[in-house]
Amino acid sequence: TFANICKMFISMEPSPMTDKIDQWFGGLVNGVRAFPLNFPGTTSHGGRKCRQKLNAFFREVLEARKNVDNCDDLMSGLMHIEDEQGKKLSDEEVVDNIVSLVMAGYESTASAIMWATYHLAKSPSALAKLRDENIALVKSKGGSTLASLTITRDDIPKMKYTTKVVEETIRMANISSMVYRVANKDVEYHGYTIPKGWPVVVWLRSLHTDPNYYQDPLTFNPDRWDEPAKTGTYQVFGGGYRICPGNMLARLQMGVAQSRRKDKLSSTAKANGWCIHGFP
Ligand code: HEM
């Protein structure tokens with residue numbers, strides 16, 4: 001996947017350098033999730049260093065493009081895009097967009113697919129239902145094996161159980177466990193006042209595991225999505241103007257990944273004694 005990202009974003013072919021960039025992104029993601037202690041040796045500090053290396057690298061690519069740009073990739077698109085007044089993005093904004101898009105769109109979906117694998121492996125009944133749906137889909141398209149299944153847009157509405165698996169996975173996995181906001185007016189909350197202008201961390205994970213909203217919240221139960229969540233209680237992709245713009249793409253990618261599931265996951269899980277570890 002990362003090799004594809006490098007091709008699409010900066011027309012770069014796989015090389016030892018792309019491996020290095022992948023590692024820097026890994027370090028950056030760890031740093032973002034870590035406690036923000038910025039001194040040498042901490043994960044947060046390591047993340048900041050990775051970010052500096054990424055900035056320097058993408059800046060170099062961008063500078064080289066200023067002389068000759070015959071590429072048809074994301075960086076080129078960002079360099080040339082103009083708003084209604086003809087204003088272009090600054091160099092810093094181009095680099096920031098590249099870094100945030102890779103961070104937001106790559107690790108997030110990959111982690112979510114990993115968590116789906118984990119939960120399905122621990123839940124043989126859910127895996128069996130998913131498999132039944134996939135096999136029915138294969139047959140409806142005249143195929144005989146899961147490997148032959150190619151999902152098209154028309155298939156998506158038929159993948160009802162798959163959709164429930166996807167929603168239940170992202171509810172439980174909470175890949176983005178929080179969003180950041182600023183209070184735009186004084187807010188009273190449980191006897192406390194959050195003054196206007198204060199930065200606030202909205203801890204989404206507690207919302208999605210609150211027994212007031214989700215019965216038996218730590219149990220993986222895709223069928224709970226037979227009923228929609230109560231308004232405001234499901235914000236895996238954030239909300240409002242800043243809602244994740246990749247949310248439908250992520251759901252689609254996760255759904256397609258589920259269509260190739262084998263039925264041997266549960267024995268692998270048992271053999272390996274898998275257990276849940278929260279994100280740091
Ligand atoms: C399971 C996968 C994903 C999850 C759980 C997720 C979750 C989130 C969350 C919670 C936010 C913050 C929204 C807010 O502040 O209200 C966000 C922002 C964002 N996401 Fe995602 N995301 C996922 C996949 C993706 C993908 C695939 C892309 C792009 C290809 C993407 C691009 C972005 C961008 C650019 C932002 C920043 C939006 C802004 O600040 O205006 N995300 N995402």
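**Ligand shell.** I listed 21 residues around the ligand, and Arg181, Gly238, Gly239, Arg242 and Cys244 come nearest; a residue is near if one of its heavy atoms lies within 4 Å. This is a predicted model, where local features need pLDDT of at least 70, side-chain atom pairs count only at pLDDT 80 or more, and totals for chains, interfaces and linings use all residues. Residues are numbered from 1 along each chain as its sequence is written, and side-chain values use heavy atoms, with hydrogens and water left out.

**Classes.** I found twelve nonpolar, seven polar and two charged residues in the shell. Ala, Val, Leu, Ile, Met, Phe, Trp, Tyr, Cys and Pro count as nonpolar, Asp, Glu, Lys and Arg as charged, and the others, Gly among them, as polar.

**Polar contacts.** Next I checked pairs of N or O atoms within 3.5 Å. A side-chain N or O atom of Arg181 sits 2.5 Å from a ligand oxygen, and for a polar side-chain atom of Arg242 the distance to a ligand oxygen is 2.7 Å. The backbone of Ala104 has a polar atom 3.4 Å from a ligand nitrogen.

**Elements.** Which element gives the most to the shell? I got H5, with five residues. Helix H5 (91–122), strand S1 (178–182) and helix H9 (247–258) each supply at least two; helices (H or I, at least four residues) and strands (E, at least two) are DSSP runs, numbered from the N terminus.

**Confidence.** I noted a mean pLDDT (the predictor's confidence in each residue, from 0 to 100) of 89 for the chain, with 92% of residues at 70 or more.

Key. Polar contact = N/O pair within 3.5 Å; in protein donor to acceptor, adjacent residues only side chain to side chain.
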